[in-house]
Each structure stands twice: as C-alpha cells, then as structure tokens.
Amino acid sequence: MITQKAGKGDHLSLVSTRLAQDPDMNAEERYLLRNAGASIYGGGIESVSSSLSTFLLLISRYPEIQRQAQEQIDFVLGDSALPTLADRSRLPLVDAILKECLRMIPPAPLSGARVSNKDDVYEGYRLPKGSVVYINLYRIFHNPKLYKHPEVFNPLRFIDNPESEPDPFKLVFGFGKRICPGQCLSENTLFVVLAMCLAVLEMKCPKEDEQEGLPECTTGAFTQAGEFRCQFRCRNSKRKELIDELLGKGESEVKRMNERKNESIIKDKHDVLK
Ligand code: HEM
C-alpha cells in the first residue's frame, strides 16, 4: 500500500517519502526500511500509551500524591506558566511519579528476549546454548526485597531515600546493546505530559469506584492498566486560559504543517510528472 502511495506521490510518511526518493531500492532495503518504520511505531505507541493510562489510573487513586505534585509545580512555576522540559530538574516529584508508574506497570514487562550463545547454569538451572531468556521486569519491580511495599504507589520512595531502591529508569527500558532507543524521547515526553496534566487538571476517581481495588493489568508482551474511569476538571480559570492558549497554538501549528504537507505533495507530484 505504501509503495503504491509512494508511486502516486502521496508522501505521507517517512517510509513512503524514502521509497519515492529511491524507487529502485532492492528487496532487502525495502524490508529494512519497512521494519525501521514499524519498529518506531510499534515500539513507541503501546509503551507510551500504557505509561499514560497507568499515570491516570494511579494519580486519580492517590489524591494526596497528586496534591503534593501540584503544590511543587505551583511553587516552582506559579500559575501563569506551564511546565516545560527545562523544568525537569526542578520538579523531582513529577519525575518520581513517572518512575513509580513505570515500576507499578512496566509497559514491556518481560523486556526484550535474548538467546544464550553458550551453555550456562543459572541458580542450578541448566540453560543450553540457544535458550530463549526473558528478563522478568514485572517480578523485579514487585519484589519486596528490592522495593518496600511494592504494591503501594509511593513515588516518594525515590525522593526520601533515592539510593535504597533500584531506579526504574535504569531497568524498564531494557539492557545492553539492544536497550530501548526511545528511552530519552520517552522520559522527556512523558515528563512533559505528566507535568502538564498535573499543572492544569484535577484527576479524580469517580465516587462510585472509590472502594474498588486497582484493575488487573492486561497480559502480553506489552501491558497496560485494565479498564478504569477517571474524571477531569480544570484546576482554575487561569490554567484554563493557559490550555486554551496552548490549544490555539497547537491548532495553528497543525494547520501550518498540513499546508506545508499539501505544498510538498503538490511539489512531489510535479517532480513525478516531469
Ligand atoms: C515508556 C516508554 C517505553 C518503554 C518502557 C520501552 C521499553 C522497551 C524495552 C524494555 C525494550 C527491549 C530492550 C531490550 O531488549 O533490552 C524496548 C525496545 C525498543 N524500543 Fe522501547 N520503550 C519505550 C518507548 C519507546 C519509544 C518512544 C520508541 C520509539 C520512538 C521505542 C522504540 C523501541 C525499539 C525500536 C526497540 C527495539 C530495540 C532493539 O531491539 O534493538 N520505545 N523498549
């Protein structure tokens, strides 16, 4: 489909643009290009959406933590600015909330698979060469020997005593040569989204759901929180103005990008016709 679109000059993605630039690409190059596009999408979408739904679930069920984070944001930024990435070091509680969300429900709970390249023995278990080995991140993050009361959402564990429990950022993205290439992007974007949500919104668990425990998370290579409800309210009118302003900027940016995209499609069509 993408190849057809590329042939028509319909360059809506990195992959179709590259295909159009180099129509003589061989089968292997096409395969690599297609998989590079799919990896970015596949690796980035589910993991980030999982982290965000975990955040909404937990922050709406732990109003005291939410209040503390909002106090910190208000103290650092006042009420006439929205947080940006530059504020990350000044908002340690937001960072700690992100760590704790990723610890409670790691988006890729078994990390990436590995194959052993020689016979090995681990704690009395024989692992013949060629065994597929998974790293059970979920189990590590819920091990009471590593994390005190692991079932409790407690971001302060990373602030009060930062050295005493392992830092989830050092584990949740995997290890070694195949470590997640999206780590920096994810940490930074998730920080900004969480900080923005906390700055402008009050996120609440509906009264009727308050007595219910946390929903079971889904199972599979990617995990996320099970179904839950969350109510949103703008914290105050000043914050609402900030969001409206941002939405206005966002809309004009999207409009500008669409215009540029249309211009480039028209230009590409001319190039194809030449
Ligand atoms: C909270 C967000 C994310 C988490 C928790 C996460 C976690 C992981 C984990 C555990 C792995 C396996 C690493 C290993 O085998 O050691 C992985 C691999 C990967 N991730 Fe992420 N990821 C996230 C976001 C992203 C984003 C935003 C992108 C792309 C834009 C991305 C792209 C990839 C790719 C391409 C791989 C495969 C790397 C390889 O096999 O060499 N991830 N990720």
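Of the 22 residues around the ligand, those that come nearest are Gly43, Gly112, Gly174, Cys180 and Gly182. A residue is taken to be near a molecule or strand if its C-beta atom, placed from the backbone, lies within 6 Å of it. This is a predicted model, in which local features need pLDDT of at least 70, side-chain atom pairs count only at pLDDT 80 or more, and totals for chains, interfaces and linings use all residues. Residues are numbered from 1 along each chain as its sequence is written.

Which helix gives the largest share of the shell around the ligand? That is α3, with 7 residues. Helices α3, residues 27–61, and α8, residues 183–200, each supply at least two residues of the shell. Helices here are DSSP runs of H or I with at least four residues, strands are runs of E with at least two, and both are numbered from the N terminus. By class, the shell around the ligand holds 11 nonpolar, 10 polar and 1 charged residues. In this classification Ala, Val, Leu, Ile, Met, Phe, Trp, Tyr, Cys and Pro count as nonpolar, Asp, Glu, Lys and Arg as charged, and the others, Gly among them, as polar.

I turn now to the protein as a whole. The protein has 9 helices and 6 strands, and its C-alpha trace spans about 65 × 65 × 35 Å along the principal axes. Of its 274 residues, 24% count as buried. A residue is buried if 20 or more other C-beta atoms lie within 10 Å of its own, exposed if 12 or fewer do, and partly exposed in between, with C-beta atoms placed from the backbone. Among contacts between residues at least 6 apart in sequence, 67% join residues at least 24 apart. Two residues are in contact if their C-beta atoms, placed from the backbone, lie within 7 Å.

Next, the packing of helices. Helix α5, residues 92–104, packs with α8 at an angle of about 115 degrees, the axes being 10 Å apart. Axes are lines fitted to C-alpha atoms, for helices over the stretch in contact, and angles run from 0 to 180 degrees between N-to-C directions. Helices α5 and α8 are therefore roughly perpendicular to each other. On this scale, angles under 35 degrees count as roughly parallel, over 145 as roughly antiparallel, 65 to 115 as roughly perpendicular and the rest as oblique. On the α5 side, the contact is made by Val94, Asp95, Ile97 and Leu98, and on the α8 side by Leu190, Phe191, Leu194, Ala195 and Leu198. This contact of α5 with α8 comprises 8 nonpolar, no polar and 1 charged residues.

How do α4 and α8 lie to each other, and at what angle do their axes cross? The axes of α4, residues 63–77, and α8 come within 9 Å and cross at roughly 95 degrees, so this pair is also roughly perpendicular. Gln66, Ala69, Gln70 and Ile73 in α4 meet Ala195, Leu198 and Ala199 in α8. The contact of α4 with α8 divides into 5 nonpolar, 2 polar and no charged residues.

Helices α4 and α5 also meet: their axes come within 8 Å and cross at roughly 145 degrees. Here Ile65, Gln68, Ala69 and Gln72 of α4 are in contact with Leu93, Val94 and Ile97 of α5. By class, the contact of α4 with α5 has 5 nonpolar, 2 polar and no charged residues.

Finally, some single residues. Phe153 sits in the loop between α6, residues 137–141, and α7, residues 157–160. Leaving aside residues up to four places away in sequence, Phe153 touches Leu58, Tyr62, Glu100 and Met104. Phe153 and Met104 are 49 residues apart in sequence, and their C-alpha atoms are 7.2 Å apart in space. Phe153 is partly exposed because 19 other C-beta atoms lie within 10 Å.

Is Ser111 buried or exposed? Ser111 is buried, since 22 other C-beta atoms lie within 10 Å. Ser111 belongs to the loop between α5 and β1, residues 114–115, and its phi is near 50 degrees, a positive value in a residue other than glycine. Glu123, in the loop between β2, residues 120–122, and β3, residues 125–127, has a positive phi near 45 degrees. Glu123 is exposed, with 4 other C-beta atoms within 10 Å.
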